[in-house]
Amino acid sequence: MSADRKPELAVFDLDNTLADTAHRQRFLERRPRDWDAFFAAAPHDAPLAEGVALAHERAADCEVVYLTGRPERCRRDTLDWLAAHGLPEGRVYLRGDHDRRPARRTKLEILRRLARTRTVRVLVDDDELVCGDAERAGFTVVRARWATARTAELRDAQEREGRT
């Protein structure tokens, strides 16, 4: 890369890619779902070693960016969590607090926006629908299949409720 070119981007999801949400998915099994409790528990997520290692590996030659379906009100907790677990510094994109579109729509919109001015080398995400849409749009994808905590409730929340 020449000195006048910006590095390529490595885009990482958070929940079940870098952060283990197993301990808080119980809040999604209730009816109605307890979204406030689900997000309030996020600072206690354990890091997922495979995802963290990949973020550090990509940071060697890419600018790391975080793209999550978490709402904007979670920004402070999210930044604190990333720092506490030694993840590479990078911009964090969260959904608007009242944005209920499916994650695959919101994330693809941001990926396309990023790609207008930068090369997106890779997206790392656990959501199969996000990954599939990103691949169809021409992005290189790594599917984060190392988390075991991705329940049907979380999949439904991501697609139908636009919550994470």
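Which residues have the most contacts inside the largest nonpolar core? They are Phe-12, Leu-18, Tyr-66, Leu-82 and Leu-87, in a core of 27 residues; a nonpolar core here is a set of buried Ala, Val, Leu, Ile, Met, Phe, Trp, Tyr and Cys residues joined through side-chain atoms within 4.5 Å. This is a predicted model, in which local features need pLDDT of at least 70 and side-chain atom pairs count only at pLDDT 80 or more, while totals for chains, interfaces and linings use all residues. Residues are numbered from 1 along each chain as its sequence is written, and side-chain values use heavy atoms, with hydrogens and water left out.

**Nonpolar cores**

- Tyr-66 touches Phe-12, Leu-14, Leu-18, Leu-82, Leu-87, Pro-88, Gly-90, Arg-91, Val-92 and Tyr-93, not counting residues up to four places away in sequence; contact means heavy atoms within 4.5 Å.
- As general background, nonpolar side chains tend to be buried together in soluble globular proteins.

**Strands and their pairing**

- Strand E1 (8–12) is mostly covered, with four of its five residues buried, and buried means under 20% relative accessible area, exposed over 50%, and partly exposed in between (1.4 Å probe, protein chains only).
- E1 and E4 run parallel and are joined by five bridges, where two strands count as paired if DSSP finds at least two bridges between them; Phe-12 stands opposite Tyr-66 in E4.
- E1 also pairs with E6, in the parallel sense and over four bridges; Ala-10 stands opposite Val-122 in E6, and the bridge partner of Val-11 in E6 is Leu-123.
- Because five of the six residues of E6 are buried, E6 is largely enclosed by the rest of the structure.
- Three bridges join E6 to E7, and these strands run parallel; the bridge partner of Asp-125 in E7 is Arg-143.
- E6, helix H5 (residues 128–136) and E7 make a right-handed β-α-β unit, right-handed meaning that, with the strands pointing away from the viewer, the path from the first strand over the helix to the second runs clockwise.

- In helix H2 (residues 49–59), the residues Gly-51, Val-52, Leu-54, Ala-55 and Arg-58 are buried.
- The face of H2 turned away from its buried side carries the exposed residues Ala-49 and Glu-57.
- The buried residues of H2 pack against strand E1 (8–12), strand E3 (46–47), strand E4 (62–71), strand E6 (120–125) and strand E7 (141–143).

**Salt bridges**

- A search of the whole structure finds 23 salt bridges, each being a side-chain nitrogen of Lys or Arg within 4 Å of a carboxyl oxygen of Asp or Glu.
- Asp-15 forms a salt bridge with Arg-24, with the closest N and O atoms 2.8 Å apart, and both Asp-15 and Arg-24 are buried.
- Arg-113 forms a salt bridge with Glu-109, with the closest N and O atoms 3.8 Å apart; both residues lie in helix H4 (residues 103–115), four residues apart, which is about one turn of the helix.
- Arg-113 counts as partly exposed at 39% relative accessibility, and Glu-109 likewise counts as partly exposed, at 37%.
- Arg-95, Asp-99, Arg-101, Glu-109 and Arg-113 are linked in a network of salt bridges.
- The side chains of Arg-136 and Asp-133 meet in a salt bridge (2.5 Å, N to O); being three residues apart in helix H5, Arg-136 and Asp-133 are separated by about one helical turn.
- Within that pair, Arg-136 counts as exposed at 67% relative accessibility, whereas Asp-133 counts as buried at 14%.

Conventions:
Helix = DSSP H or I, 4+ residues; strand = E, 2+ residues; numbered from the N terminus.
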